[in-house]
Each structure stands twice: as C-alpha cells, then as structure tokens.
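Please look over the sequence and the structure first; the notes follow.

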Amino acid sequence: MIKAVIFDFDGLIFDTETHEYNVLNEIFQEHGTELPLSVWGKVIGTQAGFNPLLYLEEQIGKKLNQEELAKLRKQRFEERTKCEGPLPGVEAYLKAAKEIGLKVGLASSSTYQWVSTHLKTLGLFEYFECIRTSDDVEIVKPDPTLYIEAAKCLGVSPEECLVFEDSANGALAAKRAGMYCVIVPNAVTKDLEFCEVDDRLESMAEIELKLLIEKLEKK
C-alpha cells in the first residue's frame, strides 16, 4: 500500500533541465559546435563531475575564459527561468497527496540551498515534510541512498513509497531503493533509456493522483 510520495526536483517539479541544456547548447553554437544530448543526458539527475564548459574547450580545441562563460551561463539561465512556474499538474499532485493523507517528501541530487530556494519562490516549500539532497549523502543518484533516507525521514518503508522522476539516473535510484517509480520525462530527458518503471506520464496533468495510485496498486 502506498503511504508516501517522493518527488525529484530538477526537471520534474521545475524544468531547470530544459532551460539549462538550451542555454548551454546556445553557448556551444556560438562557438561553432553542439552539446550532444547523448553526452548531456548521461549526467542529468546525478553529479558526474562533468563540466560542459571545459568540454566545450575540448570540442573546439582552444582555451576560453571560463569565468566569463560561467557568468553568461548563469545570467541566461536566470533570465529564462525567472517567470517560470512549476510544471503542469505538480501542485495538483501535492495538494491531492495531502488530501488523501499521504506523506510528501523530496529527494534531489542538487544542493539543499538550490532546491529550497526554488521551492520557496514557487510557493511549494510547505508541502514537503522531508527534503533530502546531495548535502545529506555521500553518493547521489543513481545510488538509492537519497530515496532510502527520504523514506526513513518520512517514517515509511521503501515499498510504501511512490517516486516521481524525470531522469534515467533518478528512476534507477528509485527502483534500486525498492520503490514504485513513475517517470514524467521533459523535453531533454524524454528520449533517454530508462530502466523498467511502473508507469510513464506525459505530465502530471494526465491523470489524477488517486487514480494513478489505484492503477499501480492493482498491478
């Protein structure tokens, strides 16, 4: 029986991932090359030590002003996201979870400061009883520890948790933790190769949370 829902953050609640990829690829194109999704997709939802701006240097074979590029990346990202809200259906799922008595948590490979700042800006912070981030673990997704720690924090067992993820690394972490996992890919992650999951949605607006849970528990 599902007693808790645990959400990823980047690309699932707030589509930082599409904006980040578009900003980076724009910078790559301005230097006469591309950032392949096949390369970028491998690091979505994890921390792989991959620096796309150093990768750009490798691709074009010359040194660049990394400080200026980092400033440009940050500025363009902030411009694109300042008027953005949560992705479709997210707040409805959070409200529904509370209404039907589910515990609500979040597990992200990003930092607590990043996640909490955006959640507060979006007006969603108060929905979460527990937030676990890269600050709480030694290894992030696809390792299952983040999800296991979130379940402990919520006081439920892993098999009682339903995870919502958008990335292949995140989905693998959820399944390794022994949890239900429904993926809701975004424009950047939709063509990634996912492990076996319990369902796939185009958006959370596609089906009511209660109906989704009933469907999963019947399987």
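**Cysteines and overall build**

Cys83 is exposed, with 74% relative accessible area. The model is predicted. The notes below cover the cysteines and then the chain as a whole.

**The disulfide**
- The count of disulfides comes to 1.
- Cys130 and Cys153 form a disulfide, and their sulfur atoms lie 2.4 Å apart.
- The link of Cys130 and Cys153 is right-handed, with 130 degrees about the S-S bond.
- Because Cys130 belongs to strand β3 (residues 130-132) and Cys153 to helix α7 (residues 145-154), the pair ties together parts that are 23 residues apart in sequence.
- Cys130 is buried at 3% relative accessibility, whereas Cys153 is partly exposed at 35%.

**Cys181**
- The closest cysteine sulfur to that of Cys181 belongs to Cys195, at 6.4 Å, which is too far for a bond.
- Cys181 is buried, with a relative accessibility of 0%.

**The chain as a whole**
- The protein chain contains 9 helices and 6 strands.
- Its radius of gyration is 18 Å, close to the 17 Å given by the globule rule for 219 residues, so the chain is as compact as a globular protein of that length.
- Along the principal axes, the C-alpha atoms fill a box of roughly 55 × 30 × 30 Å.
- Of the 219 residues, 50% count as buried.
- Among contacts with a separation of 6 or more, 64% are between residues 24 or more positions apart.

**Surface and charge**
- The protein chain exposes about 10,700 Å², of which carbon and sulfur atoms supply 48%.
- There are 25 positive and 38 negative side chains, and the centres of the two sets lie 1 Å apart.

Technical notes. Residues are numbered from 1 along each chain as its sequence is written. This is a predicted model: local features need pLDDT of at least 70, side-chain atom pairs count only at pLDDT 80 or more; totals for chains, interfaces and linings use all residues. Side-chain values use heavy atoms; hydrogens and water are left out. A disulfide is a pair of cysteine sulfur atoms within 2.5 Å. Helices (H or I, at least four residues) and strands (E, at least two) are DSSP runs, numbered from the N terminus. Buried means under 20% relative accessible area, exposed over 50%, partly exposed in between (1.4 Å probe, protein chains only). The radius of gyration is taken over C-alpha atoms; the globule rule is 2.2 Å times the number of residues to the power 0.38. Contact means heavy atoms within 4.5 Å. Accessible areas come from the Shrake-Rupley method with a 1.4 Å probe; for residues, only the protein chains shown count as cover. Lys and Arg count as positive and Asp and Glu as negative; His and the chain ends are not counted. The place of a charge is taken as NZ of Lys, CZ of Arg, CG of Asp or CD of Glu.
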